[in-house]
Amino acid sequence: MIHIVKIANQEGNLTFIKGNGIDKEYSYNGAGSRLSETTDGETIYYVNDLNQRFEQVLQTYNDEGIIDTYTYGLQRIESRGETNETYLYDGRGSVVGAVNANGIMTSYAYTAYGELMPDSPTPKVFGYNAEATDYIC
């Protein structure tokens with residue numbers, strides 16, 4: 001049997017996931033935007049644009065330097081760094097495809113409730129409703 005413990009703070013933000021080989025911890029600012037994600041002792045930090053109606057991640061970095069920088073128009077357009085993807089959206093605003101630096105496209109499909117369809121690959125960073133993917137459990 002798989003035992004996974006998920007703990008949220010008072011605002012409903014996921015703060016810990018532990019069990020089944022998973023050890024993650026998240027921190028947030030007062031507005032509920034993720035500031036960091038720690039997995040097995042390694043921390044990724046988020047630089048957020050606080051001047052938008054809905055805060056957007058501008059950059060991710062760790063102790064070694066910048067991981068990804070994101071470009072926006074009406075939506076997140078691309079990531080440059082380790083991910084190097086251009087995002088494709090459906091009418092709902094979900095990432096339904098990503099084109100990598102070599103021009104190879106990967107398509108994603110979701111149920112009405114945001115779960116990945118059984119044959120769909122897992123998006124690297126952003127998925128349903130263009131939110132960060134945490135498909136770990």
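Modeller: Happy to, and let's start with Ser 94, which is buried, with a relative accessible area of 1%. Buried means under 20% relative accessible area, exposed over 50%, and partly exposed in between, with a 1.4 Å probe and protein chains only. Please keep in mind that this is a predicted model, where local features need pLDDT of at least 70 and side-chain atom pairs count only at pLDDT 80 or more, while totals for chains, interfaces and linings use all residues. Residues are numbered from 1 along each chain as its sequence is written, and side-chain values use heavy atoms, with hydrogens and water left out.

Biologist: Which backbone nitrogen lies 2.7 Å from a polar atom of the side chain of Ser 94?

Modeller: Ser 94 sits in the loop between β9 (85-89) and β10 (95-100); strands here are DSSP runs of E, at least two residues, numbered from the N terminus. Setting aside neighbours within four places in sequence, its contacts (heavy atoms within 4.5 Å) include Tyr 110, Gly 127 and Tyr 128. The backbone nitrogen at 2.7 Å from the Ser 94 side chain belongs to Asn 129.

Biologist: Is Asn 129 buried, partly exposed or exposed?

Modeller: Asn 129 is found in the segment after β11 (105-107). It has a positive phi of about 55 degrees although it is not a glycine. Most residues other than glycine have a negative phi. With 31% relative accessibility, Asn 129 counts as partly exposed.

Biologist: And what is the relative accessible area of Ala 130?

Modeller: Ala 130 is also in the segment after β11, and has a positive phi of about 60 degrees without being a glycine. Ala 130 counts as buried because its relative accessible area is 17%.

Biologist: How many residues are in the largest nonpolar core?

Modeller: A nonpolar core is a set of buried Ala, Val, Leu, Ile, Met, Phe, Trp, Tyr and Cys residues joined through side-chain atoms within 4.5 Å. Among the members of the largest one are Val 57, Tyr 110, Phe 126 and Tyr 128. Val 57 touches Tyr 46 and Tyr 70, among others. The residue count of this core is 12.

Biologist: Which strand gives the most residues to the lining of the largest pocket?

Modeller: The residues nearest the centre of that pocket include Val 57 and Phe 126. Strands giving two or more residues to its lining include β5, β6 (56-62) and β7 (65-72). With 5 residues, the one that gives the most is β6.

Terms used:
1 Å grid on protein atoms, 1.4 Å probe; cavity = no way out; pocket = protein on both sides within 12 Å on 5 of 7 lines; lining within 4 Å. Helix = DSSP H or I, 4+ residues; strand = E, 2+ residues; numbered from the N terminus. Polar contact = N/O pair within 3.5 Å; in protein donor to acceptor, adjacent residues only side chain to side chain.
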